[in-house]
Amino acid sequence: MSESSPPLDVLALYKEAGALHEGRFLLASGRHSPYFLQSTTLLQYPQHTAVLGAALAEKLKAADPKPDFVIGPAMGGVVLAYEVAKELGTRALFAEKDGQGGMKIREAFSVMPGQTFVAVEDVLTTGGSVLKAVRAAEAYGAVCLGVACLVDRRKETGPLDGYPLTSLLELYFETYPPDEVPAWLEERELQEI
């Protein structure tokens, strides 16, 4: 993206791909939300993924990290990590569930002490998944230069406090615990995601 290019309208891409849903959704956290961003629907289109990966890489370049690799949590961060790494001219890795509540890096990937990395995620809601990927790389002695995402939905920094964050869009959707769902949202059919 050149300096003369208009800013990328990330939400428009979600809408165009049919990946912005309105209704009443039961999130993995147990909270209810009137909106849901389904990144897998968006990232199935290589042309959108390439544009988003390039835009995220450009923002990272402006912040001046020169990572040895880019890592994303499986499955949502795999394709995005690849696209960002391609634009940054470095390796793309992913972390996967370890069966004990954390994440691990496959033996096929080489991570050495002192290597630097950027962790990427599609949408940050709490930051928990991408933090597990960060911790998996840090366990090898690698150093996190920052976290990057398409959409930052967080109201507070939470567990990612202390890691520089780059996002293409900040978009907060109010969520509600099951016993505090407002009447206007309660009227909508509940959908589990």
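Biologist: How much space lies in the largest pocket?
Modeller: This is a predicted model, in which local features need pLDDT of at least 70 and side-chain atom pairs count only at pLDDT 80 or more, while totals for chains, interfaces and linings use all residues. Residues are numbered from 1 along each chain as its sequence is written, and side-chain values use heavy atoms, with hydrogens and water left out. A pocket is an open set of points on a 1 Å grid over the protein atoms alone where a 1.4 Å probe fits, with protein on both sides within 12 Å along at least five of seven lines, and its volume is the space filled by probe spheres set on the points, which are joined across faces, edges and corners. For the largest pocket, that space comes to about 860 Å³.

Biologist: Which residues lie closest to the centre of the largest pocket?
Modeller: Lining residues are those with an atom within 4 Å of a point, and the largest pocket has 30 of them. Elements giving two or more residues to this lining are strand 2 (32-37), helix 2, strand 6 and helix 5, where helices (H or I, at least four residues) and strands (E, at least two) are DSSP runs numbered from the N terminus. Closest to the centre are Ala 28, Glu 121, Val 123, Thr 125 and Ser 129.

Biologist: Where does UniProt place its "binding site" feature that includes Lys 97, and which of those residues are in the lining of the largest pocket?
Modeller: The record is an unreviewed entry, and it places the feature at Lys 97, Glu 121, Asp 122, Val 123, Leu 124, Thr 125, Thr 126, Gly 127, Gly 128 and Ser 129. The pocket lining includes Lys 97, Glu 121, Asp 122, Val 123, Leu 124, Thr 125, Thr 126, Gly 127, Gly 128 and Ser 129.

Biologist: Is Val 123 buried or exposed?
Modeller: Val 123 sits in strand 6 (residues 116-124), and, leaving aside neighbours within four places in sequence, Val 123 is in contact (heavy atoms within 4.5 Å) with Tyr 14, Leu 37, Ser 39, Val 151 and Arg 153. Buried means under 20% relative accessible area, exposed over 50%, and partly exposed in between, with a 1.4 Å probe and protein chains only. Because its relative accessibility is 14%, Val 123 counts as buried.

Biologist: What is the largest C-alpha distance in the "binding site" that UniProt places at Thr 125 and Arg 153?
Modeller: This feature, again from an unreviewed entry, covers Thr 125 and Arg 153. Although they are spread over 29 residues of sequence, they cluster in space, the largest C-alpha distance being 5.1 Å.

Biologist: Which members of the largest nonpolar core touch the most other members?
Modeller: A nonpolar core is a set of buried Ala, Val, Leu, Ile, Met, Phe, Trp, Tyr and Cys residues joined through side-chain atoms within 4.5 Å. Of the 29 residues in the largest one, the answer is Tyr 14, Val 84 and Leu 150.

Biologist: Which elements do the buried residues of helix 4 pack against?
Modeller: Helix 4 (78-88) is one of the elements that each supply at least two residues of that core. Its buried residues are Leu 80, Ala 81, Glu 83, Val 84, Ala 85 and Leu 88. They pack against helix 3, strand 3 (69-73), strand 4 (91-97), strand 6 and strand 7.

Conventions: UniProt positions renumbered as here; feature names shortened; annotations may be inferred.
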